[in-house]
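Please inspect the sequence and the coordinates before reading on.

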Amino acid sequence: MSNLQIIEGLCGICTDMARIILEQKKVLAQHDASVLEDEIERTKTRFQKLIGSGEWPELPSEGR
């Protein structure tokens, strides 16, 4: 496996993890609960600096 393939695989994992976190955040919000909001925002900022300012994984329209 090349370094590029490894990086692409890791990017996919990070994107999937961001989607999972967003889904968990949505469920917690339904119960008026929130956790790690500052950490999530810092990570989003780091992600956007690395990938691009307009980039951040969004949940599909059906929420999954």
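The model is predicted: local features require pLDDT of at least 70, side-chain atom pairs count only at pLDDT 80 or more, and totals for chains, interfaces and linings use all residues. Residues are numbered from 1 along each chain as its sequence is written, and side-chain values use heavy atoms, with hydrogens and water left out. The protein chain contains two helices and zero strands; helices (H or I, at least four residues) and strands (E, at least two) are DSSP runs, numbered from the N terminus. Of its 64 residues, 12% count as buried, a class defined as under 20% relative accessible area, with exposed over 50% and partly exposed in between (1.4 Å probe, protein chains only).

**Helices**

- The 28 residues of α1 should span 40 Å at 1.5 Å a residue, and the end C-alpha atoms of α1 are 41 Å apart, which agrees; the expected span is 1.5 Å times one less than the number of residues.
- α2 has 15 residues and reaches 21 Å from its first C-alpha to its last, close to the expected 21 Å.
- Gly52, with a positive phi near 155 degrees, follows α2.

**Loop between the helices**

- Asp32 lies in the loop between α1 and α2 (37-51), and its phi is positive, near 55 degrees, in a residue other than glycine.
- Asp32 counts as exposed because its relative accessibility is 75%.
- Leu36 is also placed in the loop between α1 and α2, and its phi is likewise positive, near 55 degrees.
- Leu36 has 55% relative accessibility and therefore counts as exposed.
- As background, most residues other than glycine have a negative phi.

**Surface**

- The accessible surface of the protein chain comes to about 5,400 Å², of which 57% belongs to carbon and sulfur atoms; areas come from the Shrake-Rupley method with a 1.4 Å probe, and for residues only the protein chains shown count as cover.
- Met1, Ile6, Leu10, Ile13 and Met17 make a nonpolar surface patch of about 550 Å².
- Met1 is found in the segment before α1 (3-30), and Met1 counts as exposed because its relative accessibility is 81%.

Note on methods: Patch = residues over 30% accessible without salt bridge, like charges linked within 9 Å, V, L, I, M, F, W, Y side chains within 5 Å. Salt bridge = Lys/Arg side-chain N within 4 Å of Asp/Glu carboxyl O.
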